[in-house]
Amino acid sequence: MTGSMTGRTLGNRYTIEDRVGLGGMAEVYRATDNVLGRPVAVKVMLPQYAEDETFTKRFRQEAASAANLQSPYIVNIYDWGQDGGQYYIVMEFVRGADLKTGVSQRGAINQRKVAEIGSQVCQALSVAHNQDIIHRDIKPQNIMVQPDGNIKVMDFGIARAKNAGLTQTSSVLGTAHYISPEQAQGKTLGPSSDIYSLGVVMYEAATGQLPFDGPDAVSVAMKQVSEEPVPPRAINNEIDPALEAIILKAMAKDPANRFTTALDMRHALNDYLAGRPVAVGNTFSNASTQLMGGVAAPVAVGTATQVMPSMPATGTRQPESNVVYKTPTDNPPKKNSTGRTVGIVVAIIAAIAIVAAAALFIFGQGGNISVPDVTNRSLEEATTLLTDQKLKVGSVTYANSDTVAEGKVISQDPTSGTRKDEGSAVNLVVSSGVEQIVVPDLKNMTAAEAQAALSKLGLKSVAGNADYSADVEQGRIMSQSPAANEKVSKGTTVQYCLSLGVETVTVPNVVNYEQSQAISTLEAAGFKVEVQTGESEQVASGNVYKQDPSSGKLETGKTVTIYVSTGSSRIDIPYVIGDTLSVARGKMSTAGFIVSVSGPDDGNAVVINQSDTGKGTQGQNIWLTTQGGNTTNGNTNTASVNSESGGGN
């Protein structure tokens with residue numbers, strides 16, 4: 001399937017490049033949309049399901065359901081179709097790694113990050129639940145963590161809308177480690193089932209381990225129904241009690257004791273992240289240990305979505321033949337008796353034993369062995385598979401890979417299907433993940449220089465929005481993301497921001513503005529402000545009477561000086577023409593002026609002129625011209641009298 005799909009073009013539009021994932025019902029490929037010239041992910045239904053009307057209905061339903069879900073935290077669906085009998089869905093290509101890979105490689109993650117991921121998943125579920133769509137397979141493999149830290153929920157392949165019209169059967173799709181108790185029992189599902197699964201995901205992310213595990217899927221599902229999880233803080237005592245309470249409430253056995261909606265859970269997580277009190281009420285339901293039907297022989301527990309039989313509710317038992325864990329490739333179970341089922345199993349085992357004995361007799365201890373396919377498996381799994389076939393692991397070398405996850409086998413020599421003698425060695429090449437590159441420092445480079453430097457290292461480049469900079473020359477790079485010296489996967493895109501140089505702004509005119517208003521206006525324009533004071537006869541005290549510079553453009557961050565008026569020290573000069581000299585002297589003295597007399601210096605003389613009127617400064621000399629009075633001769637006397645003496649001779 002993998003080889004036959006690579007290079008194919010589906011719908012005369014989507015060219016398949018390489019496989020990036022394998023699920024329970026479909027393979028996922030990276031492809032190119034030849035019309036829009038963008039990378040996309042194409043999910044192709046596995047051939048064994050293409051002729052099954054139930055699965056093709058479910059596949060078409062995924063496209064119809066998910067295409068209507070608009071959220072930054074849900075993978076976008078672009079298109080779907082059928083080509084040569086193969087059903088496919090075209091969706092957004094999300095860069096990053098699934099949450100399961102992150103937890104598997106690094107163990108428990110930061111609890112605040114757990115809460116952030118949980119909050120974003122809740123937002124995605126709220127969008128789906130508001131359209132009566134239940135995901136039914138929330139697990140860390142379906143939560144993609146992007147390079148910016150945000151998540152995308154994907155794989156609505158088993159999501160079911162309330163009005164979808166699919167026949168309800170006793171078998172339930174899901175992944176044993178993450179399904180809710182009611183899902184394990186085959187009961188009607190609601191939004192709270194997704195909330196339970198999210199609680200399990202957060203439990204695993206916060207502690208580094210699953211709440212329930214066992215030798216086979218059925219035993220795990222039984223624990224989901226009947227056992228309470230070990231409190232997360234008993235595993236990781238650094239977990240905040242508030243976060244633990246949220247996780248345990250989501251995992252309550254009784255749906256009525258969980259969060260009512262995904263939005264309620266999101267509010268609780270956001271309260272925790274904001275440091276607000278978190279009220280979650282009772283954490284656990286008072287579920288007693290529940291009885292379950294007999295189980296079949298243990299089967300391998302995988303993480304792919306699988307078909308899970310209905311499990312009985314509390315206090316009931318079912319015939320053993322009805323409690324069978326099967327993969328989607330199994331034939332539908334027939335209503336056989338327990339004895340007949342056991343008989344068939346014994347007969348098959350006996351037949352296998354006879355064939356094995358015959359092969360051993362014919363070929364001896366060194367008979368031909370078909371080398372198994374161990375690609376895309378961990379080294380441990382590959383070793384086990386080879387050992388089980390009486391082969392051994394030869395040389396193990398490591399190489400970077402853009403398509404095979406770290407720790408998984410990229411290739412083997414000899415290839416699968418080759419016939420080898422017992423004890424033969426199979427050489428393995430194991431992925432060390434995508435090559436990690438140290439991001440260079442692009443600051444002060446031109447766009448061309450940056451693109452050349454990044455391309456040489458196997459990185460891509462894209463220009464972001466340009467901006468002004470006080471310290472980087474126009475046309476050169478002022479910032480970048482990811483930052484310099486950060487390690488990223490080969491092929492990562494580095495975004496850079498070019499400088500527009502120093503920003504210049506028109507200086508606002510703030511003359512006659514009140515001081516505080518003038519300062520706020522200039523600072524809002526990007527300037528610093530220096531304040532000086534001075535006298536002004538024209539501008540009221542506290543207002544600006546001058547600024548420097550007063551107009552034109554100036555670089556942001558420069559200083560504009562404003563001069564604020566303290567008012568005027570000039571005072572009114574009394575008008576004394578027509579007054580006697582003694583009265584005139586008194587007025588001038590009171591006002592703070594010095595009087596000089598031109599004419600008779602007699603208190604009864606009449607002032608006929610004065611040198612100044614209007615405004616003057618305190619202590620200023622004012623000349624008064626007089627006539628008349630009790631002069632003893634015709635001479636005109638000139639006298640200057642200090643106003644502080646009160647005048648008079």
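This is a predicted model: local features need pLDDT of at least 70, side-chain atom pairs count only at pLDDT 80 or more; totals for chains, interfaces and linings use all residues.
Visitor: At what angle do helix α5 and helix α11 pack?

Guide: Two packed helices are described by the angle between their axes and the distance between the axes. For α5 (residues 111-130) and α11 (residues 262-273), the angle is about 155° and the axes are 8 Å apart. Angles over 145 degrees count as roughly antiparallel, and α5 and α11 are therefore roughly antiparallel to each other. The crossing of α5 past α11 is left-handed.

Visitor: Which residues make the contact, and how do they divide by class?

Guide: On the α5 side they include Arg112, Ala115, Ser119, Cys122 and Ser126. On the α11 side, Leu263, Arg266, Leu269 and Leu273 are among them. By class, the contact of α5 with α11 has nine nonpolar, seven polar and three charged residues.

Visitor: How do the axes of α7 and α10 cross?

Guide: The axes of α7 (residues 191-207) and α10 (residues 241-250) come within 7 Å and cross at roughly 140°. That angle makes α7 oblique to α10. Their crossing is left-handed.

Visitor: Which residues of α7 and α10 meet, and how many of them are charged?

Guide: From α7 come Ile195, Tyr196, Gly199, Met202, Tyr203 and Ala206. From α10 come Leu243, Ile247 and Ala250. The contact has no charged residues; eight are nonpolar and one is polar.

Visitor: How many salt bridges does the structure hold, and with which residue does Arg8 form one?

Guide: Side chains of opposite charge can pair when their charged atoms come close. The structure holds 20 salt bridges. In one of them Arg8 pairs with Asp83, and the closest N and O atoms are 3.7 Å apart.

Visitor: Where in the chain do Arg8 and Asp83 lie?

Guide: Arg8 sits in the loop between α1 (2-5) and β1 (9-10), while Asp83 belongs to strand β5 (residues 77-83). The two are 75 residues apart, and the pair links distant parts of the chain.

Conventions. Residues are numbered from 1 along each chain as its sequence is written. Side-chain values use heavy atoms; hydrogens and water are left out. Axes are lines fitted to C-alpha atoms, for helices over the stretch in contact, and angles run from 0 to 180 degrees between N-to-C directions. Helices (H or I, at least four residues) and strands (E, at least two) are DSSP runs, numbered from the N terminus. Angles under 35 degrees count as roughly parallel, over 145 as roughly antiparallel, 65 to 115 as roughly perpendicular and the rest as oblique. A crossing is left-handed if the near helix is turned anticlockwise from the far one by less than a right angle, and right-handed if clockwise. Contact means heavy atoms within 4.5 Å. Ala, Val, Leu, Ile, Met, Phe, Trp, Tyr, Cys and Pro count as nonpolar, Asp, Glu, Lys and Arg as charged, and the others, Gly among them, as polar. A salt bridge is a side-chain nitrogen of Lys or Arg within 4 Å of a carboxyl oxygen of Asp or Glu.
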